[in-house]
Amino acid sequence: MTQPSAPPPLATQPSPQPHSAGGSVQVRCAGCRMILTVGPGITEFVCPSCKMPQMLPPELMKKAVAPPSHNNNNMLNKITSPSQLQAPAHGVDPTKMQLPCANCKAILNVPHGLARFQCPQCFIDLAVDLSKIKQLFHPLPAIPPPSRALLPLPPLPLPVPPPPEEVNEVAIEVEREEDEGGTVGETFTDYRPTKLSIGPPHPDPIVETSSLSAVQPPEPIYDLKTKDDLESTRALSCLQIETLVYACQRHLQHLPNGARAGFFIGDGAGVGKGRTVAGLIWENWRHARRKALWISVGSDLKFDARRDLDDVGAAHIEVHALNKLPYSKLDSKSVGVREGVVFLTYSSLIASSEKGRSRLQQLVQWCGPEFDGLLIFDECHKAKNLIPEAGSQPTRTGEAVLDIQARLPGARVIYCSATGASEPRNLGYMVRLGLWGDGTCFDVFQKFLGALEKGGVGALELVAMDMKARGMYVCRTLSYKGAEFEIVEAPLEPEMMDMYKKAAEFWAELRVELLSASTFLTNDKPNSSQLWRVYWSSHQRFFRHMCMSAKVPAAVRIAKQALTEEMCVVIGLQSTGEARTEEAVSKYGSELDDFISGPRELLLKFVEENYPLPEKPEQQGEEGVKELQRKRHSATPGVSSKGRVRKAARWKPESDDDFDEGFGTDSGGESNGSDDEFQICEICNSEEGRKKLLQCSCCGQLVHPSCLVPPVTDVVSEDWSCHSCKEKTEEFLQQQHAYLVELTKRYETALERKSKILEIIRSLDLPNNPLDDIIDQLGGPDKVAEMTGRRGMLVRAINGKGVTYLPRNSKDVTMEMVNMHEKQLFMDGKKLVAVISEAGSAGVSLQADRRAKNQNRRVHLTLELPWSADRAIQQFGRTHRSNQASAPMYRLLFTNLGGERRFASIVAKRLESLGALTQGDRRAGPSLSAYNYDSAFGKKALMVMYRGIMEQDTLPIVPPGCSSENPETVQDFIMKAKAALVSVGIVRDSVLGNGKDYGKLSGRIIDSDMHDVGRFLNRILGLPPDIQNRLFDLFVSILDLLVQNARIEGNLDSGIVDMKANIIELQGTPKTVHIDHMSGAPTVLFTFTLDRGITWESASTMLEEKQKDGLGSSSDGFYESKREWLGRRHYVLAFESSASGMFKIVRPAVGESVRDMPLAELKNKYRKLLSLEKARSGWEDEYEVSSKQDMER
């Protein structure tokens, strides 16, 4: 808050007269509310009671501005300058911030959180600069008074403003509650069909997100042919029948491009989508549509499809497994599939025979050009990558799904998945929904996608609401009431901590070793880049294995505890380590001393296949020398390809006779100057018959044997070479030999170093394969049901010595049916522990089914989070399904390593948008949003952190483990952080300084890495735990700071929020802004005003009811803030919430807070009030002040 140029005068208390003489005015103090008399000409003053500096309100300025005069009362006058007269200001409001207008300099009362407003004096638009707010709360140095006459004023002590961090803390805390809209109500609401009353209620509680529940579907006009059958058999519940009606009704419509409209069943896992699809097939069968295509993720699910059809009364409809049929025409005499359901997988959809016949073409031919039956994409999230991220290619599955829809325009398309669109990009294959294309605002999907991405979370939520209103989408989920979610942190045990630290150090040394070894290679950039791609991918998989292994003790402990409490356990993971196991078995045999260590085998494989060895030199033998001579001969100028000297000019004889004789000889026709008969000696230049000359096999020259020194008298071999060639060849061979010796030495040295590295890897203490380890510790294969995709497993011998590799199936069970067999053993209670992976458990039901023998409550442990939320939701849905005797207990295991949250970050990012799009409300997914680091704010936080570590900018917060009072600790951290980032390849071109920069590390971070949160979280996995956690904590702290600032500025995208208030009033008349031409669904705009304030009576009643139930805590009650905010303290009501140690906070102005507060934080910020009278006074005063503020309370 700006200060006057000199201490303002002290106002006096009023005399008994109602008005003072001489132009004085009376005002109420903004702090203590006392009536003060202000003399003429005074616009700024200090209250003599509460010592608060203030200014007159603008309506009294004209009365106060008068010629200065001295009077006899105890008031001091202050001469105001012309500039001050032109900038009148309001009185101080202690509930708001006082900020100067950038134009007229008037002091304005700005409500906390208001980012943009208009100055009431000069009417200029203003915005709050948060970076400068802190400076406003520091007392500014006093400005020397102007030279013209100002009466000397005695120095008066001004009230000390609160420290900036206190002010910001309170402002942020209050604003957080205001901006989040008070979303205290339930995220889900109970669901029942609103416009249909056919069928029995669903066997389990079903809920819908509050966002979707606010939207009504269109009027149902379709009359089911199977209605009587379904009502009599009670095979489908009311909500499943509702889906049948709306899907069939939607199929009666056509899109503007002529294709039949499609329907999206987005019900959560376990609601009963399979039986709903069976009901649709039965309904269409009754309309004589006897062909249907059912595409799903696994061939095992064909048995579930058969069961569902039997359950709805359609036992006579045949189900044909396409993978058991030939590639010939399905309706041919040899195959005989004339009608029924063809069940296939997405893999089959893209398959083709050796002769080039495709399954897709086979299906299109069977359906025919006029096909109007069902085309069901079950678990349709498998086709999601049709529109991939930039730089990657669409998957064949996505393209095939699009292709078959285009070839069958009359098909009744059903998209069926709990995770059909984890992000807007994955909607690309749902072309039959009519969200883009002809007749819409978006002619192509890319424009629709761009609009959604610009709109943020709110736009995603509106898409789901719009689809429901237009009758193309349903999305209900099983109530999570009774299901428990808990994130269990499994700290690394000392042995594992030491193991992890040594592994991190080894990978750093291996990187340096690979860099050194690469310098001896030729400059082959593709190979080099390939090496580092494989290195970092292996690095990621290695530490992912380590993190998973670190959680094995905690998983086993929780599992054993659950078994003692008569519950059963389901353990979910993604990777089984089968590839590493099979490689080890092929190397070492099927009889081993102990279980395979996945990390060790991965490291061995990487080094064996990718260590950069120089090319092994080949020693040149006798044949090599001959080849060298031959090459030289062929390359000698003047030598023909046959080794002959080209024809030379003849010596001209002196007499004509000799000339004629010679000429006659040449023209005799027999020799005709043949090179084969006569050649010239290179030494004596005389002509001689070819057979009497020696030819060098290297350079090709011809010489007389007698011309050589010494002369050659013996018979020579064909590979004879002249003296000069011998010298050159020997010299070259000597040089080559020396070079080969050097290359051999380098190769052998590199080979030796590679062998040493492999020996070090074998000596490292690394954990066993987690899957085998868990099964072994929980009783072996006889006690644990395994539903994975692997073919074999390692089993400990009966005597406990050694392990043996055995196939998972037995003589009685085929490999195709082994997972179904294991599932049945679990559901019958013969095995009480199940281990599932994505590959083996897709669509499998493992809930405490009322029809199964094993109805014990399920404890679902996620040892390894999937790579995407799609897979996470699918995995969670294995144990939470309809008709269950009890809801599962979910335990999500994380280590205390910051870097491992890389995987949680990926899942949380998908979960947030998954809830937004497929359930209409981003809050609907399990709460992992605290781990969403890979966001726009996360990228900005990463850049701020990198710039701080590279000393390009100052860090906005003190790094963990450092002290602001001791700058050396910060410098020490920066140096360690920089070295750590060098070791994991984020800081490049590092140089250690000399001279005055001795010991200082410098380098650069490339632009693409500056915002790559995924790479940062992935790479720091390979750091020792201490520096890894410190770096991660710094990153998260900066991220929290940025999010808080965005919340204050109003830039945080919260999407659709629930507004809870005591008084909600509709403003004006609702306005219809759009009507859908196909369904007639209107879009209506409502405008409301809200009052969320809590009166003292309501707050007291809340506390009394809490205490009456006997559920209260000794810490429940009214609290007062320890710190003042512009002369005022805040009051709250706190009572313990359902979470132990957490307290609900209720405020007079904004009601119940969204965020529960830990008891330690509550006691740190507030003090409990023992006097109810004081609490009442403070509460009512704050309530009254807030009611007069221009804000949505």
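Reply: Here is a short tour, going from the overall picture to helix pairs, loops and cysteines. Keep in mind that this is a predicted model.

Me: Thanks! How many helices and strands are there in the protein?

Reply: The protein has 34 helices and 43 strands.

Me: And what share of the residues is buried?

Reply: Of the 1193 residues, 49% are buried. As for contacts with a separation of 6 or more, 70% are between residues 24 or more positions apart.

Me: Let's look at helix pairs. At what angle do H8 and H9 pack?

Reply: Helix H8, residues 273-286, packs against helix H9, residues 301-311, at an angle of about 60°. Their axes are 8 Å apart. The two helices are therefore oblique to each other, and their crossing is right-handed.

Me: Which residues make that contact?

Reply: From H8 you have Gly274, Arg275, Ala278 and Ile281, and from H9 Asp308, Leu309 and Asp311. By class, the contact of H8 with H9 has three nonpolar residues, one polar and three charged.

Me: What about H11 and H12, how far apart are their axes?

Reply: The axes of helix H11 (residues 359-367) and helix H12 (residues 396-407) are 11 Å apart, and the helices pack at an angle of about 20°. Angles under 35 degrees count as roughly parallel, so H11 and H12 are roughly parallel to each other. H11 passes H12 in a right-handed crossing.

Me: Which residues meet there?

Reply: Leu360, Gln361 and Val364 of H11 meet Ala400, Asp403, Ile404 and Arg407 of H12. The contact of H11 with H12 divides into four nonpolar, one polar and two charged residues.

Me: One more pair. How do H14 and H18 cross?

Reply: Helix H14, residues 494-518, and helix H18, residues 598-610, cross at roughly 5°, and their axes come within 13 Å. That makes H14 roughly parallel to H18.

Me: What classes of residue are in that contact?

Reply: The contact of H14 with H18 has seven nonpolar residues, no polar and no charged ones. On the H14 side are Phe506, Trp507, Leu510 and Leu514, and they meet Leu603, Phe606 and Val607 in H18.

Me: Is H22 mostly covered or mostly exposed, and how many of its residues are buried?

Reply: Helix H22, residues 770-777, is mostly covered, with six of its eight residues buried. The buried ones are Pro770, Leu771, Asp772, Asp773, Ile774 and Ile775.

Me: And what follows H22?

Reply: Glycine 779 does, and its phi is positive, near 115°.

Me: Which residue other than glycine has a positive phi near 55°?

Reply: That is arginine 234. You will find arginine 234 in the loop between helix H6 (227-233) and helix H7 (238-251). With a relative accessible area of 55%, arginine 234 is exposed.

Me: What about alanine 288, where is it placed?

Reply: Alanine 288 sits in the loop between H8 and strand S12 (291-296). Although alanine 288 is not a glycine, its phi is positive, about 70°. Its relative accessibility is 56%, so alanine 288 counts as exposed.

Me: Staying with loops, where is glycine 439?

Reply: Glycine 439 is in the loop between strand S16 (412-416) and helix H13 (445-469). At 61% relative accessibility, glycine 439 counts as exposed.

Me: What is glycine 439 in contact with, leaving aside its neighbours within four places in sequence?

Reply: With those neighbours left aside, glycine 439 is in contact with Pro256 and His1077. Glycine 439 is also 8.3 Å from asparagine 257, C-alpha to C-alpha, while 182 residues apart from it in sequence.

Me: Last topic, cysteines. How many disulfides does a search of the whole structure find?

Reply: The search finds zero disulfides.

Me: Is cysteine 47 buried or exposed?

Reply: Cysteine 47 counts as buried, because its relative accessibility is 0%. Cysteine 707, at 24%, counts as partly exposed.

Notes: Residues numbered from 1 in each chain as written. Predicted model: local features only at pLDDT ≥ 70, side-chain atom pairs only at ≥ 80, totals over all residues. Heavy atoms only, no water. Axes fitted to C-alpha atoms, helices over the stretch in contact; angles between N-to-C directions. Helix = DSSP H or I, 4+ residues; strand = E, 2+ residues; numbered from the N terminus. Parallel < 35°, antiparallel > 145°, perpendicular 65-115°, else oblique. Left-handed = near helix turned anticlockwise from the far one by under 90°. Contact = heavy atoms within 4.5 Å. Nonpolar A, V, L, I, M, F, W, Y, C, P; charged D, E, K, R; others polar. Disulfide = S-S within 2.5 Å. Buried < 20%, exposed > 50% of the residue type's maximum accessible area, 1.4 Å probe, protein only.
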